[in-house]
Amino acid sequence: MKPTNIKQLQAQSRRMQARRVDRHTLAVQSTSNPMANHIVTVEFHEDGTVHARCTCPWAINRGVACTHVMAALEYLAAMKNRTLSFWTSEEEARRQKHRVFYLTHNDHDDEQDEGVWITSRVG
Ligand SMILES: [Zn+2]
């Protein structure tokens, strides 16, 4: 499952607070309850694949690219002075002529797995 309104979600994620818990784990403010956090785990692979998990209902129901995962990835990118954009089609992502990553679940055996593409640029 991928989001249909990815640009809207991305705008929302840019206003969310993230902080790093450890190397692969981040805590991201919940949008439904500002007093709560969601826990995001991310793993980067050499082939440009990013595996992410989150504790929110969307992610638990096999959704990719929730606002928490986006906020976590944007937080990590900002530390390297990079800005991310999220795309639901690979073609759109490739057209940006930036480095492209593929964001998906942690589950390798899921044939119905659907991901989104991320482009990364400096600044
Ligand atoms: Zn989430």
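How many bridges join S5 to S7, and do the two run parallel or antiparallel? The answer is 6 bridges, with the strands antiparallel. Strands here are DSSP runs of E, at least two residues long, and helices are runs of H or I, at least four, numbered from the N terminus. Two strands pair if DSSP finds at least two bridges between them.

Some ground rules. This is a predicted model, where local features need pLDDT of at least 70 and side-chain atom pairs count only at pLDDT 80 or more, while totals for chains, interfaces and linings use all residues. Residues are numbered from 1 along each chain as its sequence is written.

Back to S7. Phenylalanine 86 has isoleucine 118 in S7 as its bridge partner. S6 is also joined to S7, by 5 bridges and antiparallel; there, phenylalanine 101 is partnered with isoleucine 118.

Next, the largest nonpolar core, with 26 residues. Such a core is a set of buried Ala, Val, Leu, Ile, Met, Phe, Trp, Tyr and Cys residues joined through C-beta atoms within 7 Å. Buried means 20 or more other C-beta atoms within 10 Å of the residue's own, exposed means 12 or fewer, and partly exposed is in between, with C-beta atoms placed from the backbone. Ala65, Val69, Ala72, Val116 and Ile118 touch the most other members. Helix H3 (67-79) is among the elements giving two or more residues, and H3 gives the most, 5.

Lastly, serine 30, in the loop between S2 and strand S3 (37-44). Serine 30 counts as partly exposed because it has 16 C-beta neighbours inside 10 Å.
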